[in-house]
Amino acid sequence: MSSNSKERSVAVLAMLILLINSVWAAPEYPDDWMGTRLVIRGAAETWDDAGITSNYGMGGIGLGIGVVQPIWGPFALDVEFTYNRLREGGKKQSTEEYKGRLFQMIPVSALVEFRAPISRMPVELFVGTGPAIVAYAEDQQRVSYMEAVVKATQQPGLRAPNDIASEPGVVGDVIKGARPSLEVRAGLRVDPGFIRKPMAPATTGPLTGVELELYVARRFTSTSNGFNLNTWRACFGIGMRF
């Protein structure tokens, strides 16, 4: 083999090694990649339960707050709390004037996220899944309905032998409970550059960035009895990175 052929072979081998290194090299994460995020979120939801949709509408918008805490490498824990309050028939009346039923939902979730920053761009893609619990309460129930519920619970087989029977004359007006769930979501976070890192020797404050967040999600709950709380969700948030 001639010396020119050897040189070309060495050059090709070197190029292959550089290419492999570039493919398998760890991505260049931002300096504050492991920073904690506090996100204020607005979540639009649609529900599968016919009873909810017929009385309160197909969906609603709730407000919430989330904390995204990196735990290891590209993985983070996203804990979210939201609140949604619906009026029967969606009537637009003041609280003092409104006399109908109210349906409240308080979902709390804890998802593990896998994050993937796009190189040289202030964009972070993420997918996540994890458990959630949805607490709910339906207030100002009609007296006839609540009396029927009380009578039904007194029937043999629906009350344990040691349970104390409710007094027939005492009827409440609230139905409440909670349902365990599983949530799956995918979205992105964008840093528009509202806060820029100062030049040395200046130092940054506790807030290192402001991000815009968008995600879609599906929450699955048990539908064997009671409300079917399966939900499609679309969320927009503003996050503060520390």
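Mentor: A residue is called buried when its relative accessible area is under 20%, exposed when over 50%, and partly exposed in between, using a 1.4 Å probe and protein chains only. The model is predicted, so local features need pLDDT of at least 70 and side-chain atom pairs count only at pLDDT 80 or more, whereas totals for chains, interfaces and linings use all residues. Residues are numbered from 1 along each chain as its sequence is written, and side-chain values use heavy atoms, with hydrogens and water left out.

The part to look at is Glu80. Glu80 sits in strand β3, residues 75-87; helices (H or I, at least four residues) and strands (E, at least two) are DSSP runs numbered from the N terminus. Glu80 counts as buried because its relative accessibility is 1%. Beyond its neighbours within four places in sequence, Glu80 has contacts (heavy atoms within 4.5 Å) that include Arg41, Arg185, Tyr215 and Arg233.

The side chain of Glu80 makes a polar contact of 2.7 Å with that of Tyr215. A polar contact is a pair of N or O atoms within 3.5 Å; within protein, one must be able to donate a hydrogen and the other to accept it, and residues adjacent in sequence count only if both atoms are side-chain atoms. Another polar contact, of 2.8 Å, runs between the side chains of Glu80 and Arg41.

Side chains of opposite charge can pair when their charged atoms come close. A salt bridge here is a side-chain nitrogen of Lys or Arg within 4 Å of a carboxyl oxygen of Asp or Glu, and the structure holds 21 of them. In one of these, the closest N and O atoms of Glu80 and Arg41 are 2.8 Å apart. That pair connects distant parts of the chain, since Arg41 belongs to strand β1 (residues 37-47) and Glu80 to strand β3, 39 residues apart. Arg41 is buried, as is Glu80. Glu80 also forms a salt bridge with Arg233, at 3.0 Å from N to O. Arg233 lies in strand β8 (residues 231-241) and Glu80 in strand β3, so this pair ties together parts 153 residues apart in sequence. Arg233, at 3% relative accessibility, counts as buried too.

Now the rings. Rings of Phe, Tyr and Trp (its six-membered ring) pair if their centres lie within 6.5 Å; planes under 30 degrees apart count as stacked, over 60 as edge-to-face and the rest as tilted. The count by this rule is 4 aromatic pairs. In one, Phe75 and Phe114 are edge-to-face, with 5.4 Å between centres and 65 degrees between planes. Phe75 is in strand β3 and Phe114 in strand β4 (residues 102-117), so the pair ties together parts 39 residues apart in sequence. Phe114 is partly exposed, with a relative accessible area of 39%. Phe126 and Tyr215 have ring centres 6.5 Å apart and planes at 75 degrees, so they too are edge-to-face. Phe126 is in strand β5 (residues 123-139) and Tyr215 in strand β7, 89 residues apart.

A charge sits over a ring if NZ of Lys or CZ of Arg is within 6 Å of the ring centre and within 35 degrees of the ring normal. The charged end of Arg185 is over the Tyr215 ring, 4.3 Å from its centre, and Arg189 lies over the face of Phe126, 4.0 Å from the ring centre.
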